[in-house]
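Hi,

Here is the structure I promised to pass on.

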Amino acid sequence: MLVHTFPTAIGPCSIWWDGESVTRFMLLTTEQDSVDPPAWLQPVISRVQKHLQTGGEDFADVALAWTAVTPFQRRVYQAALQTKSGHTATYGDLAKAIGEEPAVSRAVGVALGQNPWPLLVPCHRFVGANGKMTGFSAPGGIDTKLKLLAIEGNQLFAV
């Protein structure tokens, strides 16, 4: 796997790839290694930079290395891609979107916490029941989650 680290409005991010798919993405990285990205990845990097400044980008078309996750995680992540910038949903909503009972919402939350592509797969857009803010696995935790939601124009969580 190769990695490229690049600047954004909120701090450095890193993106890993193998062949023509993204294997990992990290917000606010401390990754020091970096090689020049291939041509196919450059537009993704530009879109991430734009999104972290003004919001509104959609990453559902990015080629992700789905073989790196379990079938359940893949279902969760693909459904999460349907929650667009500026919107939030609950873990229970996401469980329902993949055809599961609300009791599966805890497993959905665990899957989102293991997301290898935060931001690209928008795990930050999911909140607990009744809008309760819950953890976020990226550096900065909930503060970073709130910042991302505010960038996306979600005024309920503006910081």
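Below is what turned up, going from the sheet to the helices and then to a few single residues.

First, the ground rules. This is a predicted model, so to speak of a local feature I needed pLDDT of at least 70, side-chain atom pairs count only at pLDDT 80 or more, and totals for chains, interfaces and linings use all residues. Residues are numbered from 1 along each chain as its sequence is written, and side-chain values use heavy atoms, with hydrogens and water left out.

**The sheet**

Helices (H or I, at least four residues) and strands (E, at least two) are DSSP runs, numbered from the N terminus. Three strands form an open sheet in the order β1-β2-β3, with antiparallel pairing; two strands pair if DSSP finds at least two bridges between them. β1 and β3 (21-26) are the edge strands, each pairing on one side only. On average, neighbouring strands here are turned by 25° against each other, direction ignored. (Axes are lines fitted to C-alpha atoms, for helices over the stretch in contact, and angles run from 0 to 180 degrees between N-to-C directions.)

β1 (residues 2-6) and β2 (residues 13-18) are joined over five bridges, and Thr5 stands opposite Ser14 in β2. Their hairpin has six residues between the strands, and Gly11 takes a positive phi near 135° there.

How much of β1 is buried? Four of its five residues are, where buried means under 20% relative accessible area, exposed over 50%, and partly exposed in between (1.4 Å probe, protein chains only). Helix α1 (residues 42-54) lies across β1, β2 and β3, running at about 35° to β1.

**The helices α2 and α4**

In α2 (71-80), the buried residues are Gln73, Val76, Tyr77, Ala79 and Ala80. Seen down the axis of α2, they fall within an arc of 165°, so they line one face of the helix. The arc is that of the directions from the helix axis to the C-beta atoms. These residues pack against α3, α4 and β5, with contact meaning heavy atoms within 4.5 Å.

In α4 (residues 105-113), Val108, Ala111 and Leu112 are buried. Their arc, seen down the axis of α4, is within 100°, so these also line one face of their helix. Among the elements covering them are α2, α3 (91-97) and β5 (126-127).

**Single residues to look at**

Most residues other than glycine have a negative phi. Leu28 has a positive phi of about 45° although it is not a glycine. Leu28 sits in the loop between β3 and α1 and is partly exposed, with a relative accessible area of 22%. Leu119 has a positive phi too, of about 80°. Leu119 is in the loop between α4 and β5 and is buried at 0% relative accessibility.

Finally, the cysteines. How many disulfides are there? The count is zero, taking a disulfide as a pair of cysteine sulfur atoms within 2.5 Å. For Cys13, the nearest cysteine sulfur is that of Cys123, 13 Å away. Cys13 is buried at 0% relative accessible area, and Cys123 counts as buried at 3%.

Cheers
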